[in-house]
Amino acid sequence: MTYSHPFGLAAGMDKRAEALRGWESIGLAFSEIGGVTMLEQAGNPKPRMFRHGGDRALINRMGFNNPGSEKIVERLKRSQQRLIPVWANLGKSKVTPLDEAKNDYSTSLLRLWPYVDVFVINVSSPNTPDLRKLQHGTYLKDILTECIKVNESCALESNSSKKPLLIKIAPDLTVNELEAIIDVAMDCEIDGIVATNTTTERPNRSHKVYDETGGCSGLPLRQQSTEMIRHIYSYTNGKVPIVGVGGIMDADDAWEKITAGATLLQAYAGFVFEGPGLTKSIVHGLNKKLKNSEFQDIADAVGSDHR
Ligand SMILES: Cc1cc2nc3c(=O)[nH]c(=O)nc-3n(C[C@H](O)[C@H](O)[C@H](O)COP(=O)(O)O)c2cc1C
């Protein structure tokens, strides 16, 4: 796929696919809706999102509040013609046991398939009990295999190409766990890895916000996420496209993730603290960096730290 620039919207901001026109109009190259689950669910009780403005950090325990993939499809059917690619973030319904997770993901994939350009299989949210266990062993292989099967049959039926399937991983994995996940993903010929989701770790300071249960994102996640990108790139010799997300607040942060190995980028917290002008400042800032570099094209800068 071709993107007008590398910067898009991270999952979780538009869980109900309500603002597709808005994401286009602020200049993003792509948006990601969801997390969408097979079943409608309310998510955790409020309050469930907290901010630390000074640290530019968020803690959230939303718990996949969303109307479910059936209702999301109705909304997507009514939406106007798209100007940018729309990705869907797929999660698992809370009541679905881990052993049946593959059906939960693949049912949403089947329903959304005609209306979405790229799918992200999210096995890394810290806010659905045990969801992160799906990153390991046969769970992951089974989910990916089932989703690939559905993707292939939808493509065949509609006489069109398969859609890219990516997996989104947690930043809290050990090196061994990370490499095992990459091995499975490469075995299944997954199209890319989104690194990363929120962290269960907390910055080294005390503040009442950091006592809240949930995943932490924003600036405290930046380095941890970049190091995951760096490791994935070097372990795969740059063969698997990486989507870099975690603590991108300005063009320097964006460039750091590109040179570590990310092809595309996303942000959530950056929009909370910097507002919609973030897109313009990142895209213009990246252009400036490119002009001052030895590279002709942004694609040449991807993974350049490794060369
Ligand atoms: C309130 C909130 C809700 C989120 N919901 C989802 C989600 O449904 N699915 C998902 O994969 N990531 C979700 N995320 C994680 C973000 O997509 C992103 O990976 C993470 O926040 C790191 O990026 P950032 O530092 O730019 O915020 C959510 C994040 C926040 C703050």
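Trainee: Where is the place of threonine 196 in the chain?
Mentor: Threonine 196 sits in the loop that separates strand E8 (192-195) from strand E9. Helices (H or I, at least four residues) and strands (E, at least two) are DSSP runs numbered from the N terminus. The model is predicted, so local features require pLDDT of at least 70 and side-chain atom pairs 80 or more, while totals for chains, interfaces and linings use all residues. Residues are numbered from 1 along each chain as written, and side-chain values use heavy atoms without hydrogens or water.

Trainee: And is the peptide bond from alanine 195 to threonine 196 cis or trans?
Mentor: The bond joining alanine 195 to threonine 196 is cis, and its omega is near 15°. Most peptide bonds are trans.

Trainee: What about the bond from lysine 46 to proline 47?
Mentor: That peptide bond, from lysine 46 to proline 47, is cis as well, with omega near 0°. Proline 47 belongs to the loop between E2 and strand E3 (49-52).

Trainee: Is leucine 286 buried or exposed?
Mentor: Leucine 286 counts as buried because its relative accessibility is 3%. Buried means under 20% relative accessible area, exposed over 50%, and partly exposed in between (1.4 Å probe, protein chains only).

Trainee: Switching to phi angles: which value does arginine 56 have?
Mentor: Phi of arginine 56 is near 50°, a positive value in a residue other than glycine. Most residues other than glycine have a negative phi. Arginine 56 is located in the loop between E3 and E4. With 28% relative accessibility, arginine 56 is classed as partly exposed.

Trainee: And what is phi for asparagine 159?
Mentor: Asparagine 159 also carries a positive phi, near 55°. Its position is the loop that runs between helix H4 (137-157) and strand E7 (165-169).

Trainee: Why does asparagine 159 count as exposed?
Mentor: Asparagine 159 counts as exposed because its relative accessibility is 73%.

Trainee: On to the ligand, then. Which residues come nearest?
Mentor: Of the 26 residues around the ligand, the nearest are Ala11, Asn89, Gly218, Gly247 and Ala269.

Trainee: What distance separates the ligand from lysine 168?
Mentor: A polar side-chain atom of lysine 168 lies 2.9 Å from a ligand oxygen atom. Glycine 35 contributes a backbone N or O atom, again 2.9 Å from an oxygen atom of the ligand. For glycine 218, a polar backbone atom is 2.8 Å from a ligand oxygen.

Trainee: Which elements give two or more residues to the shell around the ligand?
Mentor: Those elements are strand E2 (31-36), strand E4 (57-60) and strand E9 (215-218).

Trainee: Back to asparagine 89. Where does that residue lie?
Mentor: Asparagine 89 is in strand E5, residues 86-90. With 1% relative accessibility, asparagine 89 counts as buried.

Trainee: What does the side chain of asparagine 89 make a polar contact with?
Mentor: The partner is the side chain of glutamate 32, at 2.8 Å. A polar contact is a pair of N or O atoms within 3.5 Å; within protein, one must be able to donate a hydrogen and the other to accept it, and sequence neighbours count only if both atoms are side-chain atoms.

Terms used:
Near = heavy atom within 4 Å.
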